Structure formats: C-alpha cells, structure tokens
Amino acid sequence: MVPSEYGVVVALLLVCLVALILVSIARREAAEQRARAESDVAEIKDEARSLLADARRRVDEVVVRERAVRAAETEAVDRAHALEVRAEALHAAEVNLAERITAAERSTLETLESISGLSADEARATLMSRLKDQVANDGASLVRRTEVKARRTAEARARRILSTAVQRVAGPTSAQSVVSVLSLPSEEMKGRIIGKEGRNIRAFEALTGVNVLVDESLDSVTLSSFDPERREVAQVALEALIADGRINPQRIEAAYADALAGAEDRTVAAGHVAAERAGVGDLHPDLITTLGRLRLRTSYGQNVLNHLVECAQIAAVVAAEIGADVGLARRAAFLHDIGKARPAEIEGTHALIGAELARRAGESASVVNAIAAHHDEVPPETVEAILVQAADAASAARPGARREELDQYIERVDRLEQLVVAHPGVRRALAMSAGREVRVVVEPSEVGDVDLPGLAVAIARHIEADLTYPGEIKVTVVREIRASATAG
C-alpha cells in the first residue's frame, strides 16, 4: 500500500474516532436531559396530587356548608309556618276582642240611655248645642278681652299723643266774660269819661248800648254788654277817646262812628292774624272775612276764633306724631267751625254750612269732608278728618277752655243720667268727672255679658243725638253679679 493510502486510512480513522467521541457526548447529554425530565415529571405529579387533595378538601367543605344551609332553610320554613299560625291566632283574637268591645259599647250605650232618658242622637244633639254655646261664649269673651286690650293700648297712645300736643300748644284759658276792662292812664280820666253831671257817660251808653262801670278804687273802667259786637265797638271808641283826651258828646259820636266804620277792617285783620297764628296760608278772602267774624263768637264761653287756632296747632302736632298730612290736618282743623259765623237764617248745621262755604272757596275735597264730618254728620274719609275731631274735643275739653253755669251744669248732668236710665236693663246711671263720663250699672238677669258692648254703643249714640255737651262723654257699662251665703 502506498503512503497516500495510508494517509487516507488514518484520516478515516480519525474521523471515526471523532464521530465516536461526539456520539458519546450526545448520549451523555441525552441521559442528563432524560434525568431532568423525569425529575420534573415527578415534581409535577407531586404538585398535582397536592392540588387534588386540596380540591377534595374544599369539595368536602362545600358539601358541609350546603347541608348547613339546607338545615337553616328548613328551620326558616318551620319558623315562618309557626308565625303564620300565630298571626292567624292573633287575628282571631282581635276579631273576638272587637266583637267584645262592640258588645260592651252597645251595653254601655243602652245603660246610659236608660239612665239619662235620652237616645244617643238626642244626647249628641244636646252636647253639640252646649259645645256651640260654650264656644260662642268663649269666643265672645276672647273678642271682648282683645277689644279691651286694643282699646287700652290705643287709648294710652292717643292719650300720650294728645297730652303731648296740648302741652306743646299750652294755650291760655280762653273763657270769655260779658265785660271788657280798659285801663286808664290817670285817675283824672274817670272824670272826663263821666262828664259834667254824667252827660258823657250817659251819651256813650245811649249811643253804644253798653254799660260803663266806673269804680273809684281802680284805675280802669268796665264795659258791660252781652252783645260782643257792641262791646267791641264801644271799647274801640272809648280807647280812641281816652287816647285823644277830649271827651264830650260830639267827640263820642265821632269816635263811635269811626269805630263802627272800622268794624270790617277789624274783621279782616282778625282773620289774617288768626290764619298767621294757625300757620295756614293761601285762604280765599271770603274765608278770611268769615273767620274774622268769629272773633266775637263764643261757645260755652270759649272764643271760637281762638278755638280754631288752637285746634289747628293741636291737629298739626298730632298729625306729625302719627305721620299724617300735617298741612291738611292744620288747614281742616282751622276751618272746621267756620260755619258758626254764618247767619242763623241759613238752614243747616254749622258743619255742613262751613263745608259748603269751604267748597265754594275752592278748598280741597279732603278739607271739605273734614269740616262736614267733625260732628259725624257725614262719614270721615281721611285720617286727617279724624284728627280734626280729636283736636276739636281736646281744645274744648282741656281745663279752663270752656265755662258753664252751675245750674246749666246740674241740669245737663241730671238729664244725662235720666237719658241713660231710660234704656232697658239699666239699674243705675252715675255721671262722673264733671259729666265727662257716665257709669251704667245694669241688671245681670236682663243684660248678658255679650250684650254690654252693644248697650254701650246704643247709649253713646243716644247721648250724641239728644244731649248737647262740651267735649266727650265716656260710657262705661258695668254688669256685676254677687253671691252670698250664711254659715252657722
């Protein structure tokens, strides 16, 4: 064999050797892989057996719980059935109790009917009637208490406002007399007034119709006359004679003529002065002249023109206190008695005459209504109309404002009591507070509690219609029940 062949054989042997080595390595790795696979399979089997055991344990627990639930359901069904049985028993007991109650009520009703002698309907009607009467009495009592409380409150406030207004006005007493007193500059003037053998004083008295009283102890002379117009003319004439110093029958005639001729001017001047004092402007000339005539008019001794000025001031103060129209209240109050200056030949009350005069003079409808309504001859339409009534009463009723003779006062009070006693059910009537209040005592058996307000109003209206009086009269009705018993 050649060398080359030997080389090939060696190469082939080397290849075979390498292949054997590789096969050996592959077999060893395959054995290792197989061992690892067998180990993994064993672990998986162990884990599967553990999971299977756990699943079987849980299945057993579920089975136990299902058995417990079924037992609970069975117990619940049993309890529900027991409750249904008890409910049926209670319903039967309720029905039985209701039947027993109905029977007992029927028996009680029959017993009550036999005792009272009334049927159920009759007893119900009687009870309803008594309840109605009780409710009516309670309602009337509540209304009376409410009215009394409201009246007290309103009276207290009105009294406070009016007292404030009157105190702020603080007017002097305005009662007038039938005489006028003139101061003399000297004692010697008395002789001039009397004149030689009294001829001057006789001439003066004959011309003026006024008595002249000369008192030696005083430095004054007195003019006496019931006619205020004549007394004013005489006063003006005598004042002119005293100022001139020359007093004789001729000068007396001239002074009297001048005083008589100046009456119209004094009237207009008095109207303007009063309007200025009252704070009322823009008045028609006819109203000014008519107001001026009131300076010589009196009502129960109170000068009417001063009364109007005072009313205007009071009404303005009260209107300001309560928030009303001050200007309207002042104007209406100042004009409310203007009808008293008109001649007596004109028919109608002074309120309606004054209202018509104000209407013709262009005054507003509110002022006209307040004038016409200040004695309630027409209904008041505004708050200011009510204020005019209040101011009129306050001015007339304040102390010293008006004067009344004793016999007239006694006659008025006696007539007031007689007028009140004439009402049915009235036992006694007592005039109090100088006739500004009357207390009426009624028979309890004839006049009930619910009738008292109506009786008071009826008496007040009767007094307004049949009696003339200054200011206001308060009517108080008293119903008194007394019970007495003797022990021993």
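At 75% relative accessibility, Asp282 counts as exposed, where exposed means over 50% relative accessible area, buried means under 20%, and partly exposed lies in between (1.4 Å probe, protein chains only). Asp282 sits in the loop between H7 and helix H8 (285-293). Helices (H or I, at least four residues) and strands (E, at least two) are DSSP runs, numbered from the N terminus. This is a predicted model, in which local features need pLDDT of at least 70 and side-chain atom pairs count only at pLDDT 80 or more, while totals for chains, interfaces and linings use all residues. Residues are numbered from 1 along each chain as its sequence is written, and side-chain values use heavy atoms, with hydrogens and water left out.

**Positive phi values**

- Most residues other than glycine have a negative phi.
- Asp282 has a phi near 55°, a positive value in a residue other than glycine.
- Asp376 also has a positive phi, near 60°, and is a residue other than glycine.
- The loop that holds Asp376 runs between helix H12 (365-372) and helix H13 (383-397).
- Asp376 is partly exposed, with a relative accessible area of 49%.
- Gly209, which follows H4, has a positive phi near 75°.

**The sheet E1-E3-E2**

- Three strands form an open sheet in the order E1-E3-E2, with antiparallel pairing; two strands pair if DSSP finds at least two bridges between them.
- Strand E1 (179-183) and strand E2 (211-214) are the edge strands, and each pairs on one side only.
- On average, neighbouring strands of this sheet are turned by 25° against each other, direction ignored. Axes are lines fitted to C-alpha atoms, for helices over the stretch in contact, and angles run from 0 to 180 degrees between N-to-C directions.
- E1 pairs with strand E3 (residues 220-224) in the antiparallel sense over 5 bridges.
- Leu182 has Val221 in E3 as its bridge partner.
- Helix H4 (residues 199-208) packs on the sheet and touches E2 and E3, contact meaning heavy atoms within 4.5 Å. The direction of H4 makes about 145° with that of E2.
- Helix H5 (residues 228-244) lies across E1 and E3 and runs at about 10° to E1.

**The buried face of H4**

- Which residues of H4 are buried? They are Asn200, Ile201, Phe204 and Thr208.
- Seen down the axis of H4, the buried residues fall within an arc of 95°, so they line one face of the helix. The arc is that of the directions from the helix axis to the C-beta atoms.
- The buried residues of H4 pack against helix H3 (188-194), E2, E3, H5 and H6.

**Helices H6 and H7**

- The axes of helix H6 (residues 249-261) and helix H7 (residues 263-278) come within 4 Å and cross at roughly 40°.
- H6 and H7 are therefore oblique to each other. Angles under 35 degrees count as roughly parallel, over 145 as roughly antiparallel, 65 to 115 as roughly perpendicular and the rest as oblique.
- H6 contributes Ala259, Leu260 and Ala261 to the contact, and H7 contributes Ala263, Glu264 and Arg266.
- By class, the contact of H6 with H7 has 4 nonpolar, no polar and 2 charged residues. Ala, Val, Leu, Ile, Met, Phe, Trp, Tyr, Cys and Pro count as nonpolar, Asp, Glu, Lys and Arg as charged, and the others, Gly among them, as polar.

**The sheet E6-E7-E8**

- A 3-stranded open sheet has the order E6-E7-E8, with mixed pairing.
- E6 and E8 stand at the edges, each with a single partner strand, so one side of each is left without a neighbour in the sheet.
- Neighbouring strands of this sheet are turned by 20° against each other on average, direction ignored.
- Strand E7 (residues 437-442) is mostly covered, with 5 of its 6 residues buried.
- Strand E6 (residues 426-432) pairs with E7 in the antiparallel sense over 6 bridges. Ala431 has Val438 in E7 as its bridge partner.
- E7 and strand E8 (residues 474-479) run parallel and are joined by 6 bridges. Glu437 has Lys474 in E8 as its bridge partner, and Arg439 stands opposite Thr476 in E8.
- Helix H15 (residues 452-466) lies across E6, E7 and E8 and runs at about 145° to E8.
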